[in-house]
Amino acid sequence: MKLSYIKLMASFLISTSLFMAPTISLAEKAEICGLCGTEITAGSNLFELQFKDGSTQTYGCPACGLTMMKSPEVISAKTMDFLSRKMLDAKKAYYLKDTDVGYCCEPHWLSFDSKENAEKFAKGFGGEVLSYQQAIQAKSFHEEHTH
Ligand SMILES: [Zn+2]
């Protein structure tokens, strides 16, 4: 009795998610990265900025979001832990620069809630693990070529 109930619930959940997936993830969440314009997908490592005027903007990867951090209008930033999909304070995250995995623009950048997880991921898919400060510096160094 209990088992058949679980089976019923499982098949219900599977059919519901199959039914709902196209409408929710494609129609409602047809968002694009606020910098490069790449479509945001379920795999995107989101990065969110909040501005002085109260508005927010979502980016499809930490690389795009960190680039926009230079704006004096930014008051706070959140990035996604790529593994758990949870948002966290961008300053507390660890960044993986130039890894093989990514769903926005190249070079691919991801972010993690711990240095340990970023390093584990880098062992499999490559990339350079950076702290927030190092990540900000890496972005400005590459784009402005300051000497
Ligand atoms: Zn982007």
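Started with the open sheet: three strands in the order 6-5-7, paired antiparallel. For the record, strands (E, at least two residues) and helices (H or I, at least four) are DSSP runs numbered from the N terminus, and two strands pair if DSSP finds at least two bridges between them. Strand 6 (108-112) and strand 7 (128-130) are the edges; each has a single partner strand, so one side of each lacks a neighbour in the sheet. I get an average twist of 25° from one strand to the next, with axes fitted to C-alpha atoms (for helices over the stretch in contact) and angles from 0 to 180 degrees between N-to-C directions.

This is a predicted model: local features need pLDDT of at least 70, side-chain atom pairs count only at pLDDT 80 or more, and totals for chains, interfaces and linings use all residues. Numbering starts from 1 along each chain as its sequence is written.

Next, the pairing of strand 5 (residues 94-99) with strand 6: five bridges, antiparallel. Leu 96 sits opposite Leu 110 of strand 6. Helix 3 (residues 115-125) packs on the sheet and touches strands 5, 6 and 7, its direction at about 10° to that of strand 5. Contact here means C-beta atoms, placed from the backbone, within 7 Å.

Then I checked Phe 112. Leaving out residues up to four places away in sequence, Phe 112 touches Asp 81, Phe 82, Leu 83, Ala 93, Tyr 94, Leu 96, Asn 117, Ala 118 and Phe 121.

Last, the overall count: I find four helices and seven strands in the protein.

Note on methods:
Two residues are in contact if their C-beta atoms, placed from the backbone, lie within 7 Å.
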